[in-house]
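Hi,

Here's the structure I promised to pass along. Have a look at it first, and then read on for what turned up.

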Amino acid sequence: MSGKQGVDKEVARKLEEFNKTATDVANDIVFNVFPKKILNFQQLIDSTSEPSSPFHPSHATNFTDVTIYPPPAMEEHEQKKRKLNPDANLNGPSSSGPSNDVRHARYPNLVLANKHTINLHDILKKECEELAESCDKVKLWVNLSMPKIEDGDNFGVQIQEEVLTELHRSQESAYNLRDAARQDHINRAKLCSKMIKYPHIEDYALALKEHDQKQIYLARQNLYDLRNVYAILTDILHKNMAKIRSPKGNNATGLY
């Protein structure tokens, strides 16, 4: 019995199609998506100086509500239901019940979230997710373009590895920027809880306003960060495209 084992022809054909598709997708990202993203972000950055832009600093004071509202009113029929059946909500809140369950809250007052910064976070989260996904697709193509491991003539492979490192770094930046919304809500919730607990201390209300102003400023700076990431990736990919596509191509001619 022969010890040789090969890939089934049909499987090999599908793998070849997969590799070709990955190459086509990556080339479209490198030569179309990335350059357009640079221009789009630059246009968005330029527009932030206009009051109509959601990233304009003037929106900070317009959407920060430091009012401490009374607890959300419970619907009467829900209160009666709980009195008749105290175990009704053991398996989770009722779909018909109130959105804010304050039965177990020590300080059940309400401070509203900043809807404007939520909108900014949604814009940036979408952009970060697109960047991370694009980096994944280009990384796959670069890895598939790597030649088999052998001695000598590894300069092109080293370039590919440097490109992969930059792609990975850009992807990590996208993940970190994507996490900004969570950090904002956690920090803002701490300030709001302080306002509810100590409503007589005005500095907590001022701190909340400053916090929201900072979030709009950071959101604008994140536009610069994302633009720079795309610009650096585009530059390094375009300058080294020949070596990325063919890391060992035509190297022999340089020896003579």
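This is a predicted model: local features need pLDDT of at least 70, side-chain atom pairs count only at pLDDT 80 or more; totals for chains, interfaces and linings use all residues.

Asn114 counts as buried, because its relative accessibility is 2% and the cut-off for buried is under 20%. You'll find Asn114 in the loop between helix 3 (76-84) and helix 4. Its side chain has two polar partners worth a click. One is the backbone nitrogen of His116, which lies 3.0 Å from a polar atom of the Asn114 side chain. The other is the side chain of Asp212, with which the Asn114 side chain makes a polar contact at 2.9 Å. If you leave out residues up to four places away in sequence, Asn114 touches Phe63, Thr64, Arg188 and Asp212.

Now the overall picture. The chain has 8 helices and 0 strands, so if you read along the sequence you get α-α-α-α-α-α-α-α. Of the 256 residues in the chain, 30% are buried. Taking contacts between residues at least 6 apart in sequence, 81% join residues at least 24 apart.

On to a helix pair. Two packed helices are described by the angle between their axes and the distance between the axes. For helix 4 (residues 115-145) and helix 6 (residues 180-197), the angle is about 160° and the axes are 9 Å apart. Angles over 145 degrees count as roughly antiparallel, and helix 4 and helix 6 are therefore roughly antiparallel to each other. At the contact, helix 4 brings Thr117, Ile118, His121 and Lys125, and helix 6 brings Ala180, Ala181, Asp184 and His185. The residues of this contact of helix 4 with helix 6 divide into 3 nonpolar, 3 polar and 2 charged.

Next, charges. Side chains of opposite charge can pair when their charged atoms come close. How many salt bridges does the structure hold? There are 13 salt bridges, and here are three of them:

- Arg178 with Glu129: the closest N and O atoms are 2.8 Å apart.
- Arg169 with Glu166: the side chains meet in a salt bridge at 2.6 Å, N to O. Arg169 and Glu166 are 3 residues apart in helix 5, so about one helical turn separates them. Arg169 is partly exposed, with a relative accessible area of 46%, whereas Glu166 is buried, with 13%.
- Arg182 with Asp179: the closest N and O atoms are 2.7 Å apart. Arg182 is partly exposed at 43% relative accessibility, and Asp179 is also partly exposed, at 28%.

Beyond those pairs, salt bridges that share partners join Lys37, Lys126, Glu127 and Glu130 into one network.

Cheers

Conventions: Residues are numbered from 1 along each chain as its sequence is written. Side-chain values use heavy atoms; hydrogens and water are left out. Axes are lines fitted to C-alpha atoms, for helices over the stretch in contact, and angles run from 0 to 180 degrees between N-to-C directions. Helices (H or I, at least four residues) and strands (E, at least two) are DSSP runs, numbered from the N terminus. Angles under 35 degrees count as roughly parallel, over 145 as roughly antiparallel, 65 to 115 as roughly perpendicular and the rest as oblique. Contact means heavy atoms within 4.5 Å. Ala, Val, Leu, Ile, Met, Phe, Trp, Tyr, Cys and Pro count as nonpolar, Asp, Glu, Lys and Arg as charged, and the others, Gly among them, as polar. A salt bridge is a side-chain nitrogen of Lys or Arg within 4 Å of a carboxyl oxygen of Asp or Glu. Buried means under 20% relative accessible area, exposed over 50%, partly exposed in between (1.4 Å probe, protein chains only). A polar contact is a pair of N or O atoms within 3.5 Å; within protein, one must be able to donate a hydrogen and the other to accept it, and residues adjacent in sequence count only if both atoms are side-chain atoms.
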